[in-house]
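Dear colleague,

Please find the structure below, handed over for your records. My notes on it follow directly after.

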Amino acid sequence: MSLHIELADHVDRNFGEHLPRPIEHKQDALIVHLDNGVTLTVRYAANDAYSLRWTCGDLELGIDTAPLHRELATFPNHLHDGNGQARPDPLTRPELAPAENISLLIHALLADPSLGLG
């Protein structure tokens, strides 16, 4: 079973009550719609190589592991805030299982899609 299919099953099982419609399966991504207006795009190339992007209204944020921001304490993980600035990633860790990272993120997005960055 592919990682994206495993992740979709995990999200369905653990967050199904917050999914107003089925998870969309794209060639290299999952599109998850949450009941608070968040649309999350999940791309996992490997357990430690991922891109998690979401929108909610005009808000656009994302977390990824592209090794670009060595100055950040969470390198290679980083968060792109609503202004496009790279910040330390407050949630995910490459050493965690993908399902754990997705769960951490979805819980946080359900509480506050801006992750407190307004």
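Strand 5 and strand 6 pair in the antiparallel sense, over three bridges; helices (H or I, at least four residues) and strands (E, at least two) are DSSP runs numbered from the N terminus, and two strands pair if DSSP finds at least two bridges between them. Within this pairing, Ile63 stands opposite Leu79 of strand 6.

This is a predicted model, in which local features need pLDDT of at least 70 and side-chain atom pairs count only at pLDDT 80 or more, while totals for chains, interfaces and linings use all residues. Residues are numbered from 1 along each chain as its sequence is written, and side-chain values use heavy atoms, with hydrogens and water left out.

Strand 5 also pairs with strand 4 (residues 49-56), again in the antiparallel sense, over six bridges. Here Asp64 of strand 5 is the bridge partner of Ser51. The two strands form a hairpin with two residues between them, and Gly57 in the turn has a positive phi of about 65°.

Strand 5 is largely enclosed by the rest of the structure, because five of its six residues are buried (under 20% relative accessible area, with a 1.4 Å probe and protein chains only).

Two backbone features also deserve mention. The loop between strand 5 (59-64) and strand 6 (78-80) contains Pro76, and the peptide bond leading from Phe75 to Pro76 is cis, with omega near 5°.

With kind regards

Key:
Buried < 20%, exposed > 50% of the residue type's maximum accessible area, 1.4 Å probe, protein only.
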